[in-house]
Structure formats: structure tokens, C-alpha cells
Amino acid sequence: MIRLGTALWLLLVAASGYAMFQIKYEVMKLDDELTRIDRQIMTSRESTRVLGAEWSFLNQPDRLDRLAKRYLSLKPIATAQIGSIDTLPRRSPVPPAAVAVAAPLPASSRPAAASWLAGIPSGVPQ
Amino acid sequence: MKQLPLDDNPCRPRHFKPAPCAPAGSEGPAQQSLEASHTRLIITGALLCLAFLVIGGRLVEVAGFKSGGARLAHSHAAERIETSRADIVDRNGVLLATTLVTPSLFANPKQIQDPHGVARKLAGVLPDLDESDVCAKLASDKSFVWLKRQLTPRQELAVNRLGIPGLQFQDEERRIYPKGNLTAHVVGYTGIDNKGLAGMERGLDEVLRDRHGPMALSIDVRLQYILRDEIARQVADFNAIGGMGVIMDVNTGEVLALVSLPDFDPNNLSTATPETTFNRVTLGTYEMGSTFKIFNTAMALETHTATLASSYDATQPLHIGRFTIHDDHPQRRWLTVPEIFEYSSNIGSARMAVDAGADQQKQFLGRLGLLKAPAFELPEIGAPLVPSPWGEVNTMTIAFGHGISVSPLQMAMAVSAVVNGGVLHRATLIKHPAGYAPLGQQVLSAQTSETMRRLLRLVVERGTGKLANAPGYLVGGKTGTAEKVSGTHYDRKQLLSSFIGAFPITDPRYLVMISIDEPHGNKASAGFATGGWAAAPGVSRVVQRMAPLMGIQPLDEDSPEIRRSLMVDSLTPQGRKIAAN
């Protein structure tokens with residue numbers, strides 16, 4: 001008759017053996033996956049390099065210049081187009097109502113002017 | 001050794017003891033050895049237990065607490081992809097040179113049965129292969145021959161599709177230059193084995209090998225393009241054989257753009273010729289002509305041999321030995337120092353130089369770094385040609401930039417020093433870290449530098465460099481038109497026309513220099529091919545295009561502060577009147 005202790009140990013041995021193989025297979029699977037991901041990273045990095053080179057190639061200034069001339073109607077900035085906020089004339093402190101009285105706008109242009117003014121945050125009550 | 005009891009069996013091992021049938025007496029050898037082995041057993045057991053405990057403990061440690069550390073020890077194949085040569089980028093991180101893995105085709109001739117057929121098929125898909133050459137390689141009795149290095153993915157596919165046994169691919173690294181011609185002279189190129197052969201690839205060969213991150217140059221690709229574009233335009237307009245130019249940060253010595261035309265495509269070196277790979281800016285040395293008057297005037301002011309109020313006789317051409325010195329814009333009268341500069345008078349400049357003397361001249365030019373090859377990262381560095389002995393004739397001709405040859409890079413460095421307050425910075429192609437202010441060498445006084453800035457502005461405002469003006473950006477500079485030596489004499493037709501200037505001249509930030517090699521006058525320039533016509537307009541356009549990019553605010557040229565800061569106070573009323581004509 002097998003004693004209870006022996007049976008318990010045998011059971012433990014069987015269980016740990018099973019667990020060991022289980023874990024081993026799991027590790028093998030993970031290892032495979034790691035290799036696969038590593039390879040994937042390598043390919044991705046290589047593609048990133050290739051794409052980076054291509055990006056730089058496609059952004060050659062003379063190519064951009066050519067394309068811009070063909071498809072855009074933009075021109076280099078002229079000196080006259082550059083200014084600073086300080087050089088802008090200050091807004092008139094006179095309330096717009098007074099301005100309107102002083103120089104009445106044609107009725108047709110007034111809504112447009114009003115909506116344009118409304119877009120500007122201002123302390124002056126309209 | 002202990003005496004054991006005699007045994008009747010001589011073959012019995014000595015250590016074997018028959019089990020005692022009865023409890024042995026406390027005395028006696030049997031009892032003694034039993035106790036000894038018991039002790040040994042306990043010790044061994046304890047050691048084993050200890051070992052298992054250590055292993056168990058380590059197991060718990062590894063599994064439970066140090067999983068991160070254990071993972072680090074794992075070698076990742078992905079890390080090995082890092083290429084053997086660092087990328088090169090511009091100052092804003094734009095890629096200028098990178099390394100890609102490309103396949104190379106090789107063959108094992110021993111496995112090739114039909115060399116002729118294979119060679120014909122290969123030449124069919126790879127047109128730049130020579131069929132007979134390939135055939136000879138395949139027929140040899142080696143077991144390894146390169147057929148073609150560095151194929152494109154498309155070519156690889158085409159060769160694979162042929163399905164010829166014995167042909168194989170080997171991955172190799174290849175340097176790619178996405179900007180092609182644009183930065184060819186700066187970046188340079190490598191050979192087939194990725195060893196730097198020219199440009200920064202050679203100058204920084206070892207650095208690039210060891211480095212992991214990209215190497216940032218001081219070049220700004222946008223400015224490089226603008227400069228190249230405008231030089232190319234001037235070269236085309238004036239039907240010239242070449243052109244060159246530099247944009248430099250006058251306060252740090254960083255080179256932001258360096259152009260030498262004609263140039264080459266580093267991706268396709270088979271089309272490059274010695275003419276195109278020649279870096280005119282750094283390797284070429286030229287007699288720079290009147291731009292040298294910047295140094296001549298600065299020298300006279302610095303050594304106090306002349307002041308702005310001094311005047312010199314420029315009524316007659318100057319005869320010295322077998323030479324005659326003429327003026328290109330003759331005024332036929334006495335000229336003040338500012339007028340000599342403004343009208344670019346050779347006669348006046350020569351007289352100024354003679355006043356200062358050869359020694360002072362030599363010493364001053366030496367301090368500006370014009371008499372020896374500059375230290376620079378590019379390996380293509382030309383040493384200046386300096387007269388020896390340095391006689392009076394040399395002193396006179398050097399005053400207006402003949403009889404001494406320097407590289408345009410040296411000019412850029414020296415003029416930067418003249419306008420930036422007198423500090424000479426080493427020119428560099430490597431980006432300085434943000435906020436780093438390199439220590440320069442004070443080579444002339446801030447006072448002289450300020451005066452020179454006023455004089456340089458005068459040239460653009462009223463003198464020979466009017467076409468270099470860029471409204472709002474206060475360009476100040478000097479034109480130069482050198483006659484090139486053709487055989488034994490100077491040729492009036494073969495010119496090197498330059499403009500070298502800085503802006504905004506009230507507080508200079510950038511130096512722009514353009515030289516056009518052998519320009520020919522056109523209708524628009526009324527036949528002139530001088531620096532004021534062939535180079536100055538290019539500088540004007542470069543400044544107007546680059547200033548908004550560099551965040552330089554246009555200034556009101558007529559504002560009283562600027563007028564005052566640029567006033568040249570020694571101009572006599574008479575001088576002003578004549579200048580206005």
C-alpha cells in the first residue's frame with residue numbers, strides 16, 4: 001500500500017512537471033513572438049529611415065519652389081508687407097456711434113462694417 | 001593512521017564496517033567512526049540546504065522583484081540595426097545624409113553553367129552593366145565575384161525574377177544624400193565602403209563612425225537653397241563659368257550656406273568631374289580685387305596712418321616700376337578716405353597702403369587670418385598665395401586686392417571680424433549649441449569696426465554697390481572686380497566679380513558674399529560685368545529672401561536714429577556735392 005505522504009509527493013511531482021512544461025511552452029511562444037516583434041521593429045526602423053530619406057528628398061527646396069510656382073499664387077514677402085503692432089494707428093477712442101453720426105455710412109455697407117467691428121474685442125460699448 | 005582490527009577477509013574494503021549486532025560500547029573504534037560519519041552527514045546536509053536556500057532565494061528575487069533587470073540582459077536583435085555611420089542633418093534637423101541598407105549582387109562562378117547567357121540576361125535588366133565584363137567575371141574560376149554593388153529595390157526584384165542559380169544578394173550599407181546637388185560641396189561623399197572621401201564626410205569621418213545621434217551642421221538648407229538659386233541666376237544671366245557664395249553668422253562664425261557652382265550630385269558620382277567637385281569657396285584661392293579695400297581702409301584707420309578726413313591724390317594713374325595703377329571709376333581729383341572707398345579708387349588705396357607701410361599691412365592682414373590657411377572642418381582647404389618678398393609694389397597692389405590670393409571663406413571670416421565689432425571668429429560648419437557664444441579674438445578696435453560699417457553702408461547707398469541694396473534691411477558691403485591672371489598678365493575680359501556685405505549694417509547679423517567667375521556683360525547690365533552688376537543684385541535678392549526667414553525686422557532707413565548712426569561725418573560739403581552727381 002502506498003502511503004499517503006508518498007502519494008502526495010507523487011502528485012506534487014506530476015503537477016510541477018506539468019506546470020514546468022506548460023510554462024516552458026509559454027516561454028517558447030513568447031520567445032517566438034519576441035523574435036517576430038524584434039524583426040518587425042527592425043523592418044519598421046529600416047522603413048522609417050527609408051521614408052525619412054524620401055521625405056527629405058521630396059522636400060528638396062528646388063522641387064518645393066517649382067511646385068509652389070506651379071500650384072500656388074504666392075510670392076516672397078516684400079518688405080512693405082512686414083510691420084509691427086506698434087506701427088498700427090491706435091483705434092479711435094470716439095464711440096462708433098459718434099463716428100457713424102459724423103460720417104454716416106451707406107445703409108448697405110453698415111451691417112458688414114458692424115459685424116466686422118463685432119469681431120474685435122473692445123472695451124468701447126457699441 | 002589508525003590501527004584497524006584484523007579482518008579475516010583480506011579483500012574486504014578497509015572502510016567497510018559490519019553493522020554492530022549489539023549496541024556498541026561508548027568506547028571503541030566502531031562507535032567513534034559512527035559518530036564521525038554522522039557529523040559529516042549533518043554538515044553535508046546543512047550545506048546542501050544552504051545551497052538550495054540560496055538558489056530558492058535567487059529564484060524568488062529574479063521572478064518577483066527583478067524582472068525588469070533580467071529583461072534588460074536580453075539582447076535585442078533590433079538594436080543591431082543601428083547603422084555604422086551617423087546621419088548628417090542641417091541646423092534645423094533636415095536630413096542631408098543618411099545610411100540605408102541596400103542589396104549588392106554577387107555570384108559564385110563555379111555554380112554558373114552558362115556565363116554568356118547569364119551575362120546577357122543580367123545586362124538586360126541592369127543596363128549599366130557591361131555584358132562582356134560580366135561574362136568574363138562569371139567565366140573566371142573564383143568562387144566569389146561582385147557583379148553590381150548597391151542595387152535599388154526594383155533592380156533586386158528584376159534580378160530575382162530571372163531566377164538564375166548562383167546569383168546572390170548581400171545587404172550592404174549605402175550613403176544617401178537626399179538633397180543631392182544642393183549641399184554637395186558641404187556634405188561631400190563617401191566611397192563604396194562608406195569611408196568619407198570629401199566634404200564633411202571626410203572631415204568628420206571618425207566622428208561620424210563613432211556617433212549614435214545625427215550630426216548637426218551649421219548649414220540652413222533654406223538659406224543654402226536661396227543662395228544657390230540666386231548665384232545660379234547670376235551665373236546664367238552673365239553667362240559665367242561658375243559662381244560661389246557664403247552666408248555666415250558674423251557673431252559666431254557659423255557658416256549658414258556655402259555654395260560653389262558648378263556642383264555635382266553625390267548620389268551619382270560617375271557624372272562628377274574635377275571641375276564640379278572643386279570647392280571654390282574653401283579650396284579655391286583668388287585675387288579678390290576691390291573687396292580687399294575693406295581691409296586696407298580698416299588698416300589705415302586702425303593704425304592711425306589715416307583718418308576719415310585724410311585725402312589722397314587720385315588725379316593721375318600711379319606708375320610704379322613697370323606697373324600702372326588705374327581707377328575703374330576715375331574721379332581725377334584728390335579723394336578723402338570715404339570717397340576712395342565709395343568710388344573704389346585703386347590709386348587712393350595704393351597711396352593709403354604705402355603710408356601705412358608693408359610691415360603694418362602684413363601684420364594687419366595676418367591678424368585677420370588672411371595669410372595662412374584657416375582651420376576649418378572641410379578637408380578641402382586652400383592655402384593663400386602670399387607674395388615673397390613683400391615689396392612696395394606688392395603693398396600697393398594688395399591694397400586693392402591683387403597680388404595676394406585668398407579663399408572666399410577667408411574673406412568671409414575676415415570681413416565678419418571687420419563688421420562685428422572687431423572680433424575674429426573661427427569659421428565652422430558645425431552648429432553651436434543654443435546660447436553658446438564662442439570666444440573670438442579681438443583683431444581691431446570696436447571704433448574702427450563701427451567706422452567701417454558706416455563706410456560699407458556708404459558704398460551701397462551711393463557708391464559702386466547700389467544694386468545690393470535691399471530696402472529696409474540696411475545692407476552694407478563692398479564690390480570687387482578682379483582681373484584674373486591669364487598666362488603672364490591680367491586679362492581685362494576674365495573677371496572675378498564679387499560683392500561682400502553684411503546686414504543690417506547698424507548691428508550686423510549675417511554676412512552674404514557672392515562671387516561670379518568670368519561673367520560677361522549683358523544688355524540689362526549695359527555690358528558691365530563688374531561686382532556691382534554681376535554679384536550685387538544677387539546679394540540684394542538673397543537678403544530680401546532670407547531676412548524674413550531669420551526673423552529680421554525691416555528698419556526705416558530714413559528714421560533719424562539710423563541716419564545718425566550711419567553718418568560719415570568727415571565728408572566735406574564738396575565731397576557730398578560731387579558724390580551726388
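Start with strand 18 of chain B: eight of its eight residues are buried, so the strand is largely enclosed by the rest of the structure. Buried here means that 20 or more other C-beta atoms lie within 10 Å of a residue's own, with exposed set at 12 or fewer, partly exposed in between, and C-beta atoms placed from the backbone. Helices (H or I, at least four residues) and strands (E, at least two) are DSSP runs, numbered from the N terminus. Keep in mind that this is a predicted model, where local features need pLDDT of at least 70 and side-chain atom pairs count only at pLDDT 80 or more, while totals for chains, interfaces and linings use all residues. Residues are numbered from 1 along each chain as its sequence is written, and chains are lettered from A and ligands numbered from 1 in the order in which they are written.

Both faces of strand 18 of chain B are covered. On one side sit Tyr510(B), Val512(B), Ile514(B) and Ile516(B), and on the other Leu511(B), Met513(B), Ser515(B) and Asp517(B).

Now for the neighbours. Strand 17 of chain B (489-503) pairs with strand 18 of chain B (510-517) in the antiparallel sense over eight bridges, where pairing takes at least two DSSP bridges between two strands. A hairpin through six residues joins strand 17 of chain B to strand 18 of chain B. Along this pairing, Phe503(B) stands opposite Tyr510(B), and Phe499(B) faces Ile514(B). Strand 8 of chain B (242-249) also pairs with strand 18 of chain B, antiparallel and again over eight bridges; there, Met248(B) stands opposite Leu511(B).

Step back and you get an open, antiparallel sheet of five strands in chain B, in the order 9-8-18-17-16. Its edges are strand 9 (255-261) and strand 16 (476-486) of chain B, each pairing on one side only. From one strand to the next, the twist averages 15°. Helix 17 of chain B (446-461) lies across strands 16 and 17 of chain B, running at about 75° to strand 16 of chain B. Angles run from 0 to 180 degrees between N-to-C directions, using axes fitted as lines to C-alpha atoms, for helices over the stretch in contact.

Chain B as a whole has 21 helices and 18 strands. Its radius of gyration is 39 Å, well over the 25 Å that the globule rule gives for 581 residues, so chain B is more spread out than a compact globule. That radius is taken over C-alpha atoms, and the rule is 2.2 Å times the number of residues to the power 0.38. Along the principal axes, the C-alpha atoms of chain B fill a box of roughly 145 × 70 × 50 Å. Buried residues make up 44% of the 581 in chain B.

Then there's chain A. The 55 residues of its helix 1 should span 81 Å at 1.5 Å a residue, and the end C-alpha atoms are 78 Å apart, which agrees; the expected span is 1.5 Å times one less than the number of residues. Helix 1 of chain A is hardly covered, with one buried residue among its 55.

Where the chains meet, 19 residues of chain A are in contact with 23 residues of chain B, contact meaning C-beta atoms, placed from the backbone, within 7 Å. The largest share of chain A's side, eleven residues, comes from helix 1 of chain A.

Terms used. Two residues are in contact if their C-beta atoms, placed from the backbone, lie within 7 Å.
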